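Colleague: I am new to this structure and would be grateful for a close look at one of its aromatic pairs. Please begin with the whole protein and then turn to that pair.

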Amino acid sequence: MRVWPGRARQVLVLGVVALFCGSGAAVGGEPPPPRPSPHTRSELPFVEDTPDQALAPDRALMRRQQGAVRPGDPGDPFPKYAKYRDLEELETVPEADKGKHEPYCTKAGGPYQKEMERHLKLRPADGRQSPADCAAIQEFQRKHDIAPRTGYAGPHTWGTARLARARSRPDQGGRCPVRAGRRVACVDLSRQLMWVQRGRKVVFGPALIRSGKPGYETRTGMFSVDWRSEEHTSTLYDAPMPFAQFFSGGQAFHGRYRTIHYEPGSHGCVNLRYRDAERLWKTLRTGDAVFVYGRKPPARP
């Protein structure tokens with residue numbers, strides 16, 4: 001069996017991970033033909049214009065991610081952009097409430113109204129907003145620093161509740177394999193959660209995720225972390241992928257500077273909030289197992 005020289009092996013690995021998230025290349029097989037659907041600028045992390053965020057692209061910050069400006073250099077713009085990480089805490093604002101200023105209580109029932117009513121043990125859990133429902137959801141948002149605090153049961157509010165329910169026992173049903181003395185990163189697409197366990201002990205998470213959108217689904221199965229890049233940039237979209245840890249072709253764990261609740265989803269990568277991705281970077285190592293299972297639920301309006 002031929003042993004690859006170190007430099008050749010490095011070039012081979014770099015060629016593989018240069019793929020963007022959701023490339024769709026099958027492991028051990030030929031890549032599928034190009035997809036006909038074009039992608040818009042709205043999918044890039046710094047040029048999104050969604051109901052819960054609207055910021056212009058910032059080339060200086062993108063240059064930092066591309067390595068033109070290194071962390072800690074005199075021209076490093078990152079410290080003043082720490083506020084970008086706060087965007088992951090924003091909740092959606094319904095159209096009828098646009099332009100209003102807190103404090104107020106929305107009359108709109110959010111897409112996760114019934115789930116929040118059940119989580120907060122409100123009666124009746126009928127999916128219809130009432131003053132009592134709104135006040136209870138507002139209090140939940142206050143406790144978890146979710147803004148705007150209007151009682152709207154949107155994706156961030158429900159995601160926070162879902163995460164709270166999973167903290168005591170993330171591996172519901174025991175589907176993630178237990179490997180004595182070894183780390184396994186578990187990704188539950190059905191609940192849009194991930195965690196890391198060593199044996200039966202949870203050593204990271206659980207954390208909220210955003211997986212692949214329709215046509216770019218995150219692949220399921222057993223994988224391993226095969227390459228890591230702390231300040232990676234997507235070669236196709238020129239978009240930052242902080243703390244990227246690749247485990248299936250071009251699919252990787254990586255952080256986002258904006259909300260992970262932005263739908264319809266990623267190009268196949270497992271997105272995490274920036275701070276979660278940073279902690280995951282310190283938890284995993286090359287060679288650690290990754291087990292992905294379940295199916296992402298459809299996005300709600």
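Modeller: The protein exposes about 15,400 Å², of which carbon and sulfur atoms supply 53%; accessible areas come from the Shrake-Rupley method with a 1.4 Å probe, and for residues only the protein chains shown count as cover. This is a predicted model, in which local features need pLDDT of at least 70 and side-chain atom pairs count only at pLDDT 80 or more, while totals for chains, interfaces and linings use all residues. Residues are numbered from 1 along each chain as its sequence is written, and side-chain values use heavy atoms, with hydrogens and water left out.

The protein contains six helices and eleven strands, taken as DSSP runs numbered from the N terminus (helices H or I, at least four residues; strands E, at least two). Of its 301 residues, 50% count as buried, that is, under 20% relative accessible area with a 1.4 Å probe, protein chains only.

Seven aromatic pairs are present; rings of Phe, Tyr and Trp (its six-membered ring) pair if their centres lie within 6.5 Å, with planes under 30 degrees apart counted as stacked, over 60 as edge-to-face and the rest as tilted. One of them, F243 with W281, is tilted, at 6.2 Å centre to centre and 55° between the planes. Because F243 belongs to strand β8 (residues 240-248) and W281 to helix α6 (residues 274-283), this pair ties together parts 38 residues apart in sequence. Both F243 and W281 are buried. Elsewhere, ring pairs join F223, F247 and F253 into a cluster.
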